[in-house]
Amino acid sequence: MTLQPAFPSTSYEAGGMAACPACAVAPSAQSIAALAAGRGGNIMLSLPAAHCAACISAVESALMGQAGVKAARLNLTQRRVLIETEAGVEPASLIAALSRAAYEAHELDAGLLSSTETGRASGDLAMRLGVAFFSMMNVMLLSVAVWSGGDGATRDMFHWISALIAIPTVAFSGRPFFASAARSLRAGRLGMDVPISLALILATSISLYETTQGGHHAYFDAAVMLCFFLLLGRYLDHRTRAIARSAAEELAALEVPRATVLVGGVEITRPTSEVALGDTLRVRPGGRMPVDGVIVAGTSEIDRSMLTGESLPAFAGVGGAVLAGEVNLTGPLDIRATAIGRDSALHRMADLVSIAENAKTRYTSLAERAASWYSPLVHILSFSAFGFWLWQTGGDVRFAINISAAVLIITCPCALGLAVPAVVTSASGKLFRLGLLIKNGTALERLAEVDTFVLDKTGTLTMGAPTPVNFASHPAHLVALAAALAQGSSHPLSQSLAAAALAAGIPPQLDVTEITEIAGYGVQGICLGRTLRLGRAAWVGADPLDITATYLRWGEQTHAFAFEDRLRTGAQAAVDAFAAMGKAVYLISGDTAGPVAALSGRLGIANFTASALPEDKLRLIADLSAGGHRVLMVGDGLNDTAALAGAHVSISPASALDAARVASDIVLLGADMAPIADAMRIAGQARRRILENFGLSAAYNIIAVPLALSGLATPLAAALAMSLSSITVSLNALRLK
Amino acid sequence: MNILVYLIPISLLLGGFGLGFFLWSMKTRQFDDPDGSAARILRKDWDDKPPSPLD
């Protein structure tokens, strides 16, 4: 990132994530380039658990103990460790070393993380801020002497020293404003930075002229103070977005897009983008399908919940079709790629996202709305003051320019520049501690306007992890048999069944022998000379129920173990809170009618839709928006991305797919859903504070502008108005509870 | 008033030192990891003395 995009004139652009959600659904070009180029000498790992001084010693010494590691440094603020290695050191071996030291580590795609770039831009701002602070203090020291009665030669000398400090400062520290003003003029707009730049230049040059003429009033202190307060606003704004961005980038960088391709029976790992049509790929249990394809070998079950919201795993055998994004559950599958890149299901989803993005009207933030009438007003005031005094004094250009400069300085939006960033910084910090990451600067404002909630089911209101619910209706020995079989499989239903049996105090039956897993069907074993089967209804010979279940065959009898998806913590509290706020709540899911109706009954949601396609979700959002509602969408799956992108504001849990997180404005970091209700409250408060801040700075202007227009404003009055309004506005932002 | 001849350069010089140190600490990336810097002083690794290149 170059310096320039870091300073959008008081507007919050989408904030440097991927250029569009559609690009993020597919692996980004940079990450592919980074993979192709190989990983230089640096490896970056994410260490979510690192938190203390002992962690630093343990992690760094564990890594330094590895062969080929030249240096390792843990950044506790970002919870990342940067490792400098010799060639040929694999991240996997370092991750293993860390897990021996009891630290969970994930590889990060260093190509996606431009942490140094972001750091440089904010370091650059901090440096300009530091210079502005230094000269503000020194010039103020000299100015106070002049205000308190310095006269004649003393005053002139002090003015000259002030000029010596202030002119280079304004040139250096004011550069972000000048650059942004030039950009907005070239684009034919009158941004907030135009009056700022004009005030800076006019104040400095007038003061220099006055100094050469031995005049009474020099505005050097006002110019550097203006610079300082405005830079402070910019810095806060930039830092908030940089923190959110680096965390969001980290979430994205966790998924390194790679596929295992079989070439002549040998497994080769390649970037997903290099997979060709007709390639045979191996997908291990637990892996995600990288492309659309047809199964050529193996049987398994696949989890389609991310794509469709269905909670029941589907059977997958030779000849079956799989779509990119589905998860393979039990057996290894070899698939032949039938659609890659633009043709794959993943990309069609991405196209839907870009349609939703385009249909959405661009949100104008409060700051932009304020700037749009503020800038013209300031210019008109200043020029009319110039014209009036030129006519009144009979052509005294020097006096008229002095007045119009004073007007520009006094009306300059110091408080306005701080009004929004101070509140947003304070609110984002509060929300981050609650476990919510604000990715977009205007998300808070939009959140405050929401009146309708649309919630997804699988993975959002529920954890996406089923637990058995009807143990009580089976005799203990049957549960023990089922648990014995379930232990032999890595299928999520089996694992959950075995764990639940242990938790219920039922140990698995010990004399079950010859336990084998038949991938795609279930597990079988022998007990007391009879065959036992646990698995799909058809394989076991049972009548399938319309809920998630696995079936046990013992002799001639079959028994169903029903599963229910566990409710996300705080889901009930959040839905209740939404209802208490008097907002409408909708549930829309791609799952079948049974589970959706059961869940909405349990949570007390009256409006629900089952078996919804991604297009249906998007249509619901569009219909609600067309009806004048402001919709908050909460979802996690690929099938939600279009709806997330189309909603007024959107939230996704951290467990969601990359694409869903990118398409949403806010990421829920913890597993608990209750903070969403708090976020609504804080967003409402933040909006009120922003409006109060606008009111405060308007009040200062109403007092100070008549003074300036009538020619009574002194540099002292300008300095007082500027610092008082900036401080009040910042303190008001801190009142956020 | 002659005292000003000394005082003004001194005040500028002291302020300049402050600015210089600030720029130096930015350049040497000392603000990159505030949490880590706070924790690092509590480590027991080098309680005697840091490793010396002469050892």
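Which residue is the bridge partner of Leu281(A) in strand 13 of chain A? I found Ile335(A) there.

I noted the ground rules next. The model is predicted, so local features need pLDDT of at least 70 and side-chain atom pairs count only at pLDDT 80 or more, while totals for chains, interfaces and linings use all residues. Residues are numbered from 1 along each chain as its sequence is written, chains are lettered from A and ligands numbered from 1 in the order in which they are written, and side-chain values use heavy atoms, with hydrogens and water left out.

Strands (E, at least two residues) and helices (H or I, at least four) are DSSP runs numbered from the N terminus; two strands pair if DSSP finds at least two bridges between them.

I looked up the antiparallel pairing of strand 7 (residues 280–283) with strand 13 (residues 333–339) of chain A and found four bridges. Both belong to an open sheet of six strands, ordered 6-5-7-13-8-11 in chain A.

I then followed strand 22 (residues 584–588) of chain A, which runs parallel to strand 15 (residues 452–455) over four bridges. Val585(A) stands opposite Phe453(A). Strand 22 is also parallel to strand 23 (residues 607–609), with three bridges, and Tyr586(A) has Asn607(A) as its partner.

Zero disulfides turned up over all chains (sulfur pairs within 2.5 Å). Cys227(A) is buried at 0% relative accessible area (buried is under 20%, with a 1.4 Å probe and protein chains only), and Cys527(A) is buried at 1%.

Technical notes:
Buried < 20%, exposed > 50% of the residue type's maximum accessible area, 1.4 Å probe, protein only.
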